[in-house]
Amino acid sequence: MATAPPEEMPIADAESVYFNNYPPPKNLPKHESLARAFINHHVEEKRRLVLVTSGGTTVPLENQTVRFIDNFSAGTRGATSAEYFLEQGYAVIFLHRQFSLLPYSRHFSHSTNCFLDFMEEAPPSSSSDSENGPLMVCSEYQDQMRDVLRRYRYAKQNNRLLLLHFTTIVEYLFELRLLAKLMYPLGADALFYLAAAVSDFFIPRDRMAEHKIQSSELPASMSKSQDSEKSDIYTGTNDMEPPKNSKKLVIDLDPVPKFLHRLVDGWAPPGSMIVSFKLETDPNLLVYKAQTALKRYSHHLVIGNLLSTRKWEVVFVTPDPPYERWIRVPKSKRSKSISGVEDQVGLAEVKKLHESEHLQNTEAHTSHETQDGITGGTEIESLIIPELVKLHSAMVEKAGRGS
Ligand code: PAZ
């Protein structure tokens, strides 16, 4: 059986090795026909189309998966951005981690914002025999819910939004490759907005255990593993004093091949715009890492964000001036965030401006008409997407002029 592609292998060969190593996801043929029809429809309508990726990928530890490695991403960035793209007239393919947040329903599906809390049962009408009153939206939420419902129904009825899901890193990569190739006829009207938190590491198939990894020794009569199969078991061997009844689990992961290269140089339609995200936790690294990614893959934009401030600020790192551009939600409009650390806003900005210039700069970004989320505060995606659409429009125009 093939192993993980060696790092020095040309990326196109690494692609074959990687994809030939796995059966395609079960949903792929169905997703292909849905996506093909959706894309063709919007090509005919000459509408721009964005592929938004969202949520985290899992890395299974067993082929018959009981355990997997996951990450924090809830899909807020992707689901929120998809709504603002729809508002800008784009058709959206929303490639998301199954059960992560979705455009529109996200407003009512957090545990702190459950849809049931927005509803009540009205008293039964006196003219009816039924003891059951009609279900209603509470009066204080009528306006908010009506607004979301109308936007959702508009997107649905006009075939503007296609939802496709993945779970594992392998499924994600198969889907991304397929969709990018199907988007070919869109040319410059295609936009890739890669907000998913994709795992950097995985266990190659030939090193993956078939069955649930056991935490304690099985009796010899029940254990199928002979010496030759010992490598299937991820157990520690370095314990000074190994525990008696349970084993330490040591997981040996390989790097996922960097398929952004293939997206840029092969899968995506020529002329299309490719936007990736870079997440860091260390403010000192963010801009450097975003610039490095931009140089390495030669795409069009990296949007950098810090885990602790991602709801309030992002940086656009571009190959052309101004190279580094911060977009911030003004202080008075910031939503509360349990995990966010407001004191860290501004820490990752490399080109520090003088205080007065800095304030003006921040103020300039606030001159947009901002849009408030249902839980209050401006959603930073309401600032990101219009800026991005301007950059995409410039590319579309340039492609139209044939340069
Ligand atoms: O899903 P979410 O809203 O909780 O988080 C969004 C995000 C931080 C995953 C996204 O903005 C991002 O940076 N994605 C790319 C992560 C990376 O591969 O570096």
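Which of the 14 residues around the ligand come nearest?

## Basis of the report

The structure is a predicted model, in which local features need pLDDT of at least 70, side-chain atom pairs count only at pLDDT 80 or more, and totals for chains, interfaces and linings use all residues. Residues are numbered from 1 along each chain as its sequence is written, and side-chain values use heavy atoms, with hydrogens and water left out.

## The ligand and its shell

Ser-73, Gly-75, Arg-77, Leu-279 and Asn-305 come nearest among the 14 residues around the ligand; a residue is near a molecule if one of its heavy atoms lies within 4 Å of it. By class, the shell holds 7 nonpolar, 4 polar and 3 charged residues. Nonpolar means Ala, Val, Leu, Ile, Met, Phe, Trp, Tyr, Cys and Pro, charged means Asp, Glu, Lys and Arg, and the others, Gly among them, are polar.

Helices (H or I, at least four residues) and strands (E, at least two) are DSSP runs, numbered from the N terminus. At least two shell residues come from each of α3 (76-87) and β11 (273-280), and β11 gives the most, with 3 residues.

A ligand oxygen atom is 2.6 Å from an N or O atom in the side chain of Ser-73. For Gly-75, a polar backbone atom is 2.8 Å from an oxygen atom of the ligand. A nitrogen atom of the ligand lies 3.0 Å from a backbone N or O atom of Ala-195. Taken alone, the ligand exposes 470 Å², and the protein buries 90% of that (Shrake-Rupley method, 1.4 Å probe).

## An exposed leucine

Leu-135 lies in strand β6 (residues 135-137). Leu-135 counts as exposed because its relative accessibility is 65%, and exposed means over 50% relative accessible area (1.4 Å probe, protein chains only).

Note on methods. Buried < 20%, exposed > 50% of the residue type's maximum accessible area, 1.4 Å probe, protein only. Polar contact = N/O pair within 3.5 Å; in protein donor to acceptor, adjacent residues only side chain to side chain.
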